[in-house]
Amino acid sequence: MAIYTDKISVEVSKTSKIENVDFSDLTFGRVFTDHMFVCDYEDGKWQNPKIMPYQAMTFEPSARVFHYGQAVFEGMKAYKDDDGKVFLFRPKQNFNRINKSSARLAMPVFPENYFFEGLEALLKLDSDWIKPGVGNSLYLRPFVIATEPAISASPASTYRFMIICSPAKSYYNSAVRVLIADHYSRSANGGVGAAKAAGNYAAQFYPTSLAQQKGFQQVVWTDADTHTFLEEAGTMNVFFRVNDKLITAPTSDRILDGITRKSIIQLAEDLGITCEVRQITVEEIKNAAKDGSLKEVFGAGTAAVISPISAFEHQDELFEISGVDAEDSYAKLFKQTLLNIQHNLSEDKHGWRHEVK
Ligand SMILES: Cc1ncc(COP(=O)(O)O)c(C=O)c1O
């Protein structure tokens, strides 16, 4: 890989929007900080890394991203402890994953030093936007788009990598009701399900809106071939607690390799909780719901951290999950354990915290 040594240039915003933001009443992803990081790929290399005031950008209507969806992204968070120290959670995983996504979409991989230098410089400039306190965070959205103005269906020769930041409270705070897919699919064998490709999300909006009309916030996707195996939700991996055992689907080229998911699998081991990573059939979970052994279902992902699931429907059969509010739920245990690590409130024995100095 080429060695990238350009210094990141910084243009500081003359004004700040922060005074106008009500941090106690944030809608996810609507407010953005004062700065953003931008780097362009041209002539076969990434160049001109810069931090600049957050602003609208212009692209030609023929930019390939608008036509062929050559776009990938990441979702990660920065946290502040009560001493004002800023932390990222397992950021190398996000770095590796965005490049894996890019490679799948025939896009150039981004250099590690620019990723971390850009991110850290941005966080230092916009540090006031990260509020201390468990539940507060700054959501970070690195993404890459194909900018070349040309509408032939082939990979672009120019790209833009950017990072924008949005203050957040964890969303889906209350339990969600989900519909198990039996017709539409999110991804297929050999497809792009394991990539954080923009089009994966667009493809879910229509079936999810149908589920929402029926009173369900999310869809839990099943395998495209048979719709018999449970896979993941729209922006979350899913865990099932049957009696005291956790089960989650294995990753594959259809499922996003979630960082929260892999952290929970590790934490379960640390806490002495059995966690099976294996295929799970819809039938198995319906039977467990019927015989009372299904104690909990929850989603896991950066945005929501852990999101308890209170009910699921499959082919017009509705199942309510009674243990969802239990004080000793695994969902609460894992959420608190993760938040404590993220906010520097507990020991970090796996070295997951990354301090931004
Ligand atoms: C499809 C999908 N699955 C799972 C996840 C959870 O992944 P992570 O825990 O890395 O946020 C996300 C969110 O990034 C997602 O978009």
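Visitor: What makes the pair Glu276 and Lys245 a salt bridge?
Guide: In this predicted model, the closest N and O atoms of Glu276 and Lys245 are 3.4 Å apart. A salt bridge requires a side-chain nitrogen of Lys or Arg within 4 Å of a carboxyl oxygen of Asp or Glu, so the pair qualifies. The bridge links distant parts of the chain, with Glu276 in strand E14 and Lys245 in strand E13, 31 residues apart. Salt bridges that share partners also join Lys245, Glu276, Arg278 and Glu284 into one network.

Visitor: Why does Glu276 count as partly exposed?
Guide: The relative accessibility of Glu276 is 25%. Buried means under 20% and exposed means over 50%, so Glu276 falls in between. Lys245, at 28%, also counts as partly exposed.

Visitor: How do you know whether Arg64 is buried or exposed?
Guide: Arg64 has a relative accessible area of 5%. The limit for buried is under 20%, therefore Arg64 is buried. The side chain of Arg64 meets that of Glu148 in a salt bridge, 3.1 Å from N to O. Arg64 lies in the loop between strand E3 and helix H1, and Glu148 in the loop between strand E7 and E8. Glu148 has a relative accessibility of 18% and, being under 20%, counts as buried.

Visitor: What makes the contact of Arg160 and Asp40 a salt bridge?
Guide: Their side chains meet at 2.7 Å, N to O, and the cut-off is 4 Å, so the label applies. Arg160 is in strand E8 and Asp40 in strand E2, 120 residues apart. Arg160, at 15% relative accessibility, counts as buried, and so does Asp40, at 10%. The structure holds 18 salt bridges.

Visitor: Why is Asp83 called exposed?
Guide: The relative accessible area of Asp83 is 66%. Asp83 sits in the loop between strand E5 and strand E6.

Visitor: How do you know how compact the protein chain is?
Guide: The secondary structure of the chain comes to seven helices and 18 strands. Its radius of gyration is 21 Å, close to the 21 Å that the globule rule gives for 357 residues, so the chain is as compact as a globular protein of that length.

Visitor: Which domains does the assignment give?
Guide: The domain assignment gives domain 1 (2-168) and domain 2 (176-342). Their C-alpha centres lie 28 Å apart, and 21 residues of domain 1 are in contact with 21 residues of domain 2.

Conventions. Residues numbered from 1 in each chain as written. Predicted model: local features only at pLDDT ≥ 70, side-chain atom pairs only at ≥ 80, totals over all residues. Heavy atoms only, no water. Helix = DSSP H or I, 4+ residues; strand = E, 2+ residues; numbered from the N terminus. Rg over C-alpha atoms; globule rule 2.2 N^0.38 Å. Domains from an automatic or database assignment. Contact = heavy atoms within 4.5 Å. Buried < 20%, exposed > 50% of the residue type's maximum accessible area, 1.4 Å probe, protein only.
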